[in-house]
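Please open the model in a viewer and follow the selections below in order.

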Amino acid sequence: MNINIHILLNIISLMLLTLSMSFSTLYVLQQRWLKTKQFTLIQRLPSLETSDLWAARLLVCGWIVLLSSTLIGIYIAHDMWDQSWHKNPKILMAMTTCFWYLVFIIMRAKFDYRGSKFSLINLLGYTSLLITFVYSIL
Amino acid sequence: MSFFLIGVNHETADVSVREKLAWMDQETEQKKVFSFIQSKGSGVLLSTCNRVEWYLNVPHPQDALECKRHFFPDIHETLIYEKQDMEAISHLCRVASSLDSQVVGEPQVLGQVKRAYHKAKQFEAVDPELDLIFQKSFLIAKKIRTETKIGQSFVSMSSVAIDLAKKVVGHFSDKEALVIGAGEMSTLAAKKLSTEGIGRLWIANRTYDQAVALAKIVDGYPMLMEQIYDHLEDIDIVFVCTGAQKPLITKDHVIESLGTRSKKPIMMIDISVPRNIEKNLGEIENIYVYDVDDLKGIALENEQLRKSEIEKAEKILIDHLDRFEDVTRQPQTNALIKNIKLHVEELAQMECEKISKKLHLDQDQEKILQRGMSSLAKKWVDSHIQMLKTDGIEATQALHLFSQMFSKDSDES
């Protein structure tokens, strides 16, 4: 399997999850402005519901791409390092991030995690993703 | 008699102060309120979500002061404004023409002023002078509305609130809204929600028939007031504008009735004074509560758009206020003209009698003399009172001069 596909998917997933994170941040800001009644700032922004919805949609898309990229990475690692691939910290971190995001998606679907709570979890997931990404570059 | 204005509005006092004064507009209190006013003179109470104002026509400033003490007892002095005569008339015209509104250009306020005036008339608390002032203010308000575009780009308080709701709940097509109240503001909100394509619209009102009537107009569903909490779980937008004196929606009840509802945001707009939604309801994370004062910021932005129209309206107002001064002087002028005519007629009659006695005139000659004197008196009066009927400073000066002359004459006689 071509390593370039793995890299490309990684970049796409990072982009999608960054966008998801941006919508989550926007949600938190909008919520604060609406609660503190600073209406001028929210005039040109999407609605709270739209921000929340797009944060979730992008997160799901980003997760699918990230999972595909991780699976391709495992396949390549298996070819390269044979039995010892699962000991590679880079792969372990990527798998943990994928699992972490899967937990969010389930929590959102099953327990209706929305709004600021969802945004906070998204921020934690994104931090984990960034650490993995930076580690893989180094 | 002097014309006074005493009141508080959205600029001087916030909603927590204004709601303390809402008792005056209650049906049960009206009789007492107006009988007090009748004991002092005459007056109109204007109580809206943005203001509580008394327009009084009383003989002495002391009476106005007593009214202030009686109706605004616990309100801090700095929050109350007082105006007199032309200043008060100017304020009334500004209010009626919506130049003093939180949302400049809103059409509802003229209706509210008219209703306040008719209510005072029902209680026989409007004397002819106050009646004239209100009639003229209605005319000025109408003129401003027709000659400027002040109302064309207008966004009502209800639509400001509904637009804000969009920022919270997003698209309306899959949402449910509940409008509590069937008055003017509630009707506007319901219509706006309906035209914006709300998924389902509920109307609740204390008088169920009115809820049914409004629901028919907006293609919604009527609801009994007691059913509000049963449906709250499915509602995304709540708009309240009623005259209830106590909160209709409380935090405890809402928490209890939300039950299995998802964490989707709920927008609650309360433009009633006193407020009908408990203030601390906004502490719940996904509930956004706004009262009439909160919408002020958005209203101000709309105002900027209509700035040039506001300037035009102000010009019309100033122009008409000058004429208004003449109109308010009219009863005084009419009375003076009547006095002058009577006085000159009397003089002519007296002179006729004197001449008739001296010349020993017969009945026919006396009639001719009387006719001549009467014609002379009429011509003299007409030429002099013409000045009183014109507009401007000369008329004011003439009024003062003639008033002094004839009051002196009458004193001497």
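Begin with the boundary between the chains: 14 residues of chain A are in contact with 16 residues of chain B, contact meaning that C-beta atoms, placed from the backbone, lie within 7 Å. The model is predicted, with local features needing pLDDT of at least 70 and side-chain atom pairs counting only at pLDDT 80 or more, while totals for chains, interfaces and linings use all residues. Residues are numbered from 1 along each chain as its sequence is written, and chains are lettered from A and ligands numbered from 1 in the order in which they are written.

On the side of chain A that touches chain B, select helix 1 (3-35), helix 2 (39-42), helix 3 (48-81) and helix 5 (115-137) of chain A, the elements that give two or more residues to it. Helices here are DSSP runs (H or I, at least four residues), numbered from the N terminus. By class, this side of chain A has four nonpolar, five polar and five charged residues; Ala, Val, Leu, Ile, Met, Phe, Trp, Tyr, Cys and Pro count as nonpolar, Asp, Glu, Lys and Arg as charged, and the others, Gly among them, as polar.

Next, select helix 2 (residues 27-40) and helix 3 (residues 61-71) of chain B, which pack at an angle of about 160° with their axes 10 Å apart. Axes are lines fitted to C-alpha atoms over the stretch in contact, and angles run from 0 to 180 degrees between N-to-C directions. Phe36(B), Ile37(B) and Lys40(B) of helix 2 of chain B meet Asp63(B), Glu66(B), Cys67(B) and His70(B) of helix 3 of chain B in this contact. Its residues comprise three nonpolar, one polar and three charged.

Finally, select Ala177(B): leaving aside neighbours within four places in sequence, its contacts include Leu193(B), Trp202(B) and Phe239(B).

Methods: Two residues are in contact if their C-beta atoms, placed from the backbone, lie within 7 Å.
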